[in-house]
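This report considers how the parts of a protein model meet one another. Please look through the sequence and the structure before reading on.

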Number of protein chains: 2
Amino acid sequence: MPDQPKYQRRKEDRPQEIADAAFAAFAENGYAATRIDDVAKRAGVSKGLTYLYYKTKEDLFKAVVKNVVVRRVDALIGDVESTDLSSEAFIRGPLLSFMKKVPGSPIAIVIRLLISEGPRHPDLVDYYYENVVARGLGAITKFIERGVERGEFRREALEHQPHLFLAPMMLSIIWRLIFAEKQLNTDQLMESQVDMLLTQLRA
Amino acid sequence: MPDQPKYQRRKEDRPQEIADAAFAAFAENGYAATRIDDVAKRAGVSKGLTYLYYKTKEDLFKAVVKNVVVRRVDALIGDVESTDLSSEAFIRGPLLSFMKKVPGSPIAIVIRLLISEGPRHPDLVDYYYENVVARGLGAITKFIERGVERGEFRREALEHQPHLFLAPMMLSIIWRLIFAEKQLNTDQLMESQVDMLLTQLRA
DNA sequence: ATAGTTACTGACCAAAGAGTCAGTAAAGGC
DNA sequence: GCCTTTACTGACTCTTTGGTCAGTAACTAT
């Protein structure tokens, strides 16, 4: 029987492993009800090690919440800027499919955490506003404007369109966060809305 | 100097006073971060008294969350059933004005609490689904159907209309829960949506 | 091998907070 | 006034948990 070492030193990977475990724990139990000890167990390390990489529970929380969403939004914005589809085709294609994915993705969890913990972490809220919301809305707005310039869309009535595109997605997210099991065809909801908005936008 | 009694016995009023204080505390801090001692202080009573009227913290929480919303929804449903306005006039009038009020009302707080604590209190979620969501959606659906019977609305495409009416309200609620200060004209958002939906519904 | 470095462990501490209960005093009946 | 009832208080207990740190053992260099 080979003597198995009690643990391996894996300086490089630990922080991410702990962050992943923490995300799962926060997702299940929320911030306050999550025990650091529990996070450590999930990550397969001791509590002490968690404190080596993250100074406090709050630090861990913030670090975790920040790194979940940004790269997804980056990807979407990249798509928007590089696509050669017509505006309508892009909206019906990649944008709609992105919106359909969100309610079942970690983004939804982050929204739950922002709703429950946001008020006690204003800097986290600011971070999300700047890096996710503002950029996301900006991208959609730019995209509608491009449609206008190309003569695909009418100029008027685009005041609040970006938000209206997102509204059924938001409803779907919340619905699933609260009533996970109760059926609601959220995909169809978003499709109807997109249809409706495009009809109104079309030149 | 009259000797002031240390306290008054007010058996009738205490439960409600404690519940109100608890709602305020839960709204500010969430469930886990709320101290019973704090609730008691807000209500101007001792911690012990809280436990006389509510067996546990969880009992208190559930009692509080249940009694905030139901009577408002009752009122709305009462309106729906007794109005003599045309369907469109009712939607543009009382329904829209109800939806505008919600994001700044205690209902929004309840939604926050359901999102953060719902998973750990499934019976509370069920209660809300039955008493608020199902009844609310039912009322709107009935109302659209009435419009159809009267020849005001087209029959088709009313599949998911009730949810679409509510979607921008949901977005507004969440927006204000997270980004309280950041401006967004949520009223106008809901008006645009109602316009759009009515245009589509109109016979 | 052996010594040195440090990633990692786990027992520990101190604070906080849910829930209890013996005792107090306010109201009401006589 | 006095007695009884019970709404109410507040000090106490016991558990939980965030955070610390002295010690251990996995790797590295020589």
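## Basis of the model

This is a predicted model, in which local features need pLDDT of at least 70 and side-chain atom pairs count only at pLDDT 80 or more, while totals for chains, interfaces and linings use all residues. Residues are numbered from 1 along each chain as its sequence is written, chains are lettered from A and ligands numbered from 1 in the order in which they are written, and side-chain values use heavy atoms, with hydrogens and water left out.

## The interface between the chains

The size of an interface is often given as the accessible area lost when the parts come together. Chain B and chain A bury about 3,700 Å² between them, with 76% of it on carbon and sulfur atoms; buried area is the accessible area (1.4 Å probe) that two parts lose on being put together, summed over both. In terms of contact (heavy atoms within 4.5 Å), 39 residues of chain B meet 39 residues of chain A.

Two salt bridges are counted between chain B and chain A, a salt bridge being a side-chain nitrogen of Lys or Arg within 4 Å of a carboxyl oxygen of Asp or Glu. One of them joins Asp126(B) to Lys182(A), with the closest N and O atoms 3.6 Å apart. On the side of chain B that touches chain A, helix H8 (161-178) is among the helices that each supply at least two residues, and H8(B) gives the most, with ten residues. Helices here are DSSP runs (H or I, at least four residues), numbered from the N terminus.

## Symmetry of the two copies

Chain B can be laid on chain A with an RMSD of 0.1 Å by a turn of 180° and a shift of 0.0 Å along the axis. The two copies are therefore related as by a two-fold rotation axis. The superposition is by least squares on the C-alpha atoms of residues with pLDDT of at least 70 in both. The same surface serves both copies, as 100% of the contact residues of chain B recur in chain A.

## Two domains in chain A

The domain assignment divides chain A into domain 1 (1-54) and domain 2 (66-201); such bounds come from an automatic or database domain assignment. The C-alpha centres of these two domains of chain A lie 33 Å apart.

Five residues of domain 1 of chain A are in contact with seven residues of domain 2 of chain A. The area buried between these domains is about 480 Å², of which carbon and sulfur atoms give 79%. On the domain 1 side, Phe23(A), Ala27(A) and Tyr31(A) lose the most area to domain 2 of chain A, together 86% of what that side buries. Zero salt bridges are found across this domain interface.
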